[in-house]
Amino acid sequence: MSSLVKEDLAKRLFGPRRQRLHEFIEVEGSGAERCYLCAAVTKSEEVEICMVKHLRVDREEKYEIVEKWFLKDLEMIDGKEADTDNPYFDMHFHKVYNLEAYSCASKYTFARTLNKLNEMYLKKDLKIVNFDETYLNDDSIWSSNNRDCLVLMRICFYASNLLCLSLCPLS
């Protein structure tokens, strides 16, 4: 389903603005409304981060940009706690924006995307704090477009190791 939403966002919102949508994640909005945090590249190769509200008007899907920032203005991404599975993070621009992603994996996906876009277009020192480095690096076996599946696979790997260790007799 997320690929359909991404395709729809790219076609209806970013395409007409001549931007290329790289990534989006669902974030908590107020009430029952759906909101997405998007990372797109403009025609002039500026990286734009925007909050998009998803509306349904007369059985038609509509998207509205409610907040917009540029990656060059992002001072820091704070994942809150690197050693716990939580979807909360802060983005520090001229003010701090507290966000809640749909999942911890999507929070990491977005941070990884911003880091990659920073390396491609800005090459500035982007502070990413309180994230587990293993999941942030693109060269890691655990990073991929499979997102939640890979996080779950790693948890299962650790759980199976613990199970094997608990079943081994101590000599």
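Hi everyone, and thanks for coming. One thing to keep in mind throughout: what you see above is a predicted model.

Asp 78 is buried, yet it has no salt bridge. Which side chain of opposite charge is nearest to Asp 78, and how far away is it? The answer is Lys 80, at 5.9 Å.

What does Asp 78 have instead? The backbone nitrogen of Lys 80 lies 2.9 Å from a polar atom of the Asp 78 side chain. There is also a polar contact, at 2.7 Å, between the side chains of Asp 78 and Asn 130. If we skip residues up to four places away in sequence, Asp 78 touches Phe 89, Asp 90, His 92, Val 129, Asn 130 and Phe 131.

Now, where does the charge of Lys 80 go? Lys 80 forms a salt bridge with Asp 90, and the closest N and O atoms are 3.0 Å apart. Lys 80 lies in the loop between β5 and β6, while Asp 90 is in strand β6 itself, so this pair ties together parts that are 10 residues apart in sequence. Lys 80 is partly exposed at 36% relative accessibility, whereas Asp 90 is buried at 8%.

That brings me to the other salt bridges. The count comes to seven. Arg 17 pairs with Glu 48, with the closest N and O atoms 3.4 Å apart. Arg 17 is in the loop between α1 and β1 and Glu 48 is in strand β3, so here the parts tied together are 31 residues apart in sequence. Arg 17 is partly exposed, with a relative accessible area of 31%, and Glu 48 is buried, at 3%.

Another salt bridge joins the side chains of Arg 56 and Glu 61, at 2.5 Å from N to O. Arg 56 counts as exposed at 62% relative accessibility, while Glu 61 is buried at 19%.

In α1, residues 2-14, the buried residues are Val 5, Asp 8, Leu 9, Leu 13 and Phe 14. Why do they end up on the same side of α1? They cover an arc of only 155° around the axis, which puts them there. As a reminder, an α-helix has 3.6 residues a turn, so residues three or four places apart point the same way. The other side of α1 has Ser 3, Leu 4, Glu 7 and Lys 11, which are exposed. And what covers the buried residues? The cover includes the strands β1, β2, β3 and β4.

One of those strands, β2, holds Ala 39. Ala 39 is buried, with a relative accessible area of 0%. In sequence, Ala 39 and Leu 114 are 75 residues apart, but in space their C-alpha atoms are 7.3 Å apart. Leaving aside neighbours within four places in sequence, the contacts of Ala 39 include Arg 20, Leu 21, His 22, Phe 110, Thr 113, Leu 114 and Leu 117. Glu 48, the salt-bridge partner of Arg 17, is also in contact with Ala 39.

Last topic: the aromatic rings. How many aromatic pairs does the structure hold? There are six. In one of them, the rings of Phe 24 and Tyr 36 have their centres 5.3 Å apart and their planes at 80°, so the pair is edge-to-face. Phe 24 lies in strand β1 and Tyr 36 in strand β2, so the pair ties together parts that are 12 residues apart in sequence. Both partners are buried, Phe 24 at 9% relative accessible area and Tyr 36 at 1%.

Phe 93 and Tyr 97 make another edge-to-face pair, with ring centres 6.1 Å apart and planes at 70°. Phe 93 is buried at 4%, and Tyr 97 is buried at 12%. Together with Trp 69, these two residues form one aromatic cluster.

That's it from me, and I'm happy to take questions.

Conventions
Residues numbered from 1 in each chain as written. Heavy atoms only, no water. Buried < 20%, exposed > 50% of the residue type's maximum accessible area, 1.4 Å probe, protein only. Helix = DSSP H or I, 4+ residues; strand = E, 2+ residues; numbered from the N terminus. Arc of directions from axis to C-beta. Contact = heavy atoms within 4.5 Å. Lys, Arg positive; Asp, Glu negative; His and termini not counted. Salt bridge = Lys/Arg side-chain N within 4 Å of Asp/Glu carboxyl O. Polar contact = N/O pair within 3.5 Å; in protein donor to acceptor, adjacent residues only side chain to side chain. Phe/Tyr/Trp six-rings, centres within 6.5 Å; stacked < 30°, edge-to-face > 60°.
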